[in-house]
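Biologist: Please take a close look at one part of this model for me. I would like the metal site and the ligand beside it, taken together.

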Amino acid sequence: DCSKGTPLYWKVTNPTLAPVHLQDLPGFTRSVYKKDHALITPESHVFSPLPDWTNSLGAYLISPALGAHFTMYLANMQGAEDRGEIAGLEKFEETEEDESIRSWTSPTTSNICASGSVLSCSLARLPISVALQLKAYGSKSALPPKDVERLIFVLQGSIALSLESGTTHSLLVDSYAYLPANMKHSMISDGPTTLVIFERRYTAIGDHHPDLVVGSTDKQPLLETPGEVFELRKLLPTSLPYDFNIHIMDFQPGEYLNVKEVHYNQHGLLLLEGQGIYRLGDSWYPVQAGDTIWMAPFVPQWYAALGKTKSRYLLYKDVNRNPL
Ligand code: UGY
Ligand code: MN
């Protein structure tokens with residue numbers, strides 16, 4: 001019926017390549033999975049509860065099942081606000097043994113007011129000295145497996161990172177922490193928070209031991225990039241104890257990699273800002289902020305930034321170890 005609008009078959013004779021008309025086609029995704037690379041775009045993300053975490057969903061985007069020696073995943077910590085409840089209370093400092101404190105440290109909601117102003121009502125029922133030692137949280141992390149190191153980078157929201165020493169770091173968007181293998185820690189969040197996390201089994205070398213690193217991207221110095229034009233920052237020290245690094249790379253529109261790279265290292269990439277074309281092997285992909293790329297060792301790789309704003313990506317790269 002064409003009486004009240006566009007004529008019959010109008011779309012056939014008036015096609016458009018406007019991106020808005022190419023979105024959300026049934027079954028359409030830009031994601032691809034190939035032998036030596038993968039592109040995982042946001043419409044393909046599948047979240048499920050992270051084992052042993054509280055109120056947190058994860059989407060593993062890269063894992064050894066692809067051929068990688070690391071995992072890269074998004075963790076959505078749901079916090080308290082959007083659930084109307086808190087998952088539990090964390091006791092940071094223990095000054096004396098006290099049964100009444102113990103009962104409040106259990107990460108369940110059962111002994112906490114069911115809804116409403118949960119934080120204030122639950123803390124209001126505690127003696128002040130006890131309340132000061134507790135922090136309400138909506139979601140909480142679990143530890144990686146034995147001998148596995150972890151780097152977390154905050155994409156949205158904030159977390160409190162607590163260490164066994166009693167120290168707590170507050171991490172906001174664009175800040176990160178590297179936790180050496182077997183370093184006990186916990187991350188809690190009381191609002192919607194998204195992290196990107198990299199984990200791998202640490203490869204020891206000599207008597208070197210990596211340290212905890214906490215920082216933020218904007219505090220990292222710009223590094224020399226001989227022969228290249230992009231701006232480079234590294235989130236970890238380049239010294240031997242560290243068996244990987246995370247590079248933050250910025251390109252202005254029109255800038256591109258000069259080296260058509262082929263190398264032994266593997267990569268996990270998250271495009272944080274902008275858009276462009278990524279070449280992987282013989283395939284050329286339009287990409288934009290939110291896209292993830294896995295690159296196997298030796299896959300030919302090249303990027304050109306397009307669009308009207310700068311591109312920034314975050315890149316996992318294994319370093320400092322003999323590939324033999
Ligand atoms: O350091 C690197 O390997 C980096 N330039 N690779 C890349 O951006 N694909
Ligand atoms: Mn590379």
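Modeller: What follows covers the metal, then the ligand, then the strands. The model is predicted. Start with the manganese ion (ligand 2). Its protein donors are E261 through OE, H263 and H267 through NE2, and Q301 through OE1. They lie 2.1 to 2.3 Å from the ion. In sequence these residues follow the spacing E-x1-H-x3-H-x33-Q. The ion has 6 donor atoms around it, with angles of 77 to 175 degrees, so the arrangement is octahedral. For six octahedral donors the ideal angles are 90 or 180 degrees. E261 is buried at 17% relative accessible area. H267 is buried too, at 2%.

Now ligand 1. The residues around it include the metal donors E261, H263, H267 and Q301. Also around ligand 1 are H247, M249, Y278, Y313, L315 and K317. For Y313 the distance is 2.6 Å. For K317 it is 2.8 Å. For H263, which is also a manganese donor, it is 3.2 Å. Taken alone, ligand 1 exposes 270 Å², and the protein buries 93% of that.

Which strands supply this shell? Strand 17 (244–251) and strand 23 (311–318) each give at least two residues. Strand 23 has the largest share, with 3 residues. Both strands belong to an open sheet of 7 strands, paired antiparallel in the order 1-2-21-18-23-17-16. Strand 1 (32–33) and strand 16 (231–234) stand at its edges; each has a single partner strand, so one side of each lacks a neighbour in the sheet.

Terms used
Residues numbered from 1 in each chain as written. Chains lettered and ligands numbered in written order. Predicted model: local features only at pLDDT ≥ 70, side-chain atom pairs only at ≥ 80, totals over all residues. Heavy atoms only, no water. Pairing = 2+ DSSP bridges. Helix = DSSP H or I, 4+ residues; strand = E, 2+ residues; numbered from the N terminus. Donors = N, O, S within 2.8 Å, 3.2 Å for Na, K, Ca; no water. Tetrahedral: all angles 85-135°; square planar, octahedral: opposite > 155°, others 65-115°. Buried < 20%, exposed > 50% of the residue type's maximum accessible area, 1.4 Å probe, protein only. Near = heavy atom within 4 Å. Polar contact = N/O pair within 3.5 Å; in protein donor to acceptor, adjacent residues only side chain to side chain. Areas by Shrake-Rupley, 256 points an atom, 1.4 Å probe, with all protein chains shown as cover.
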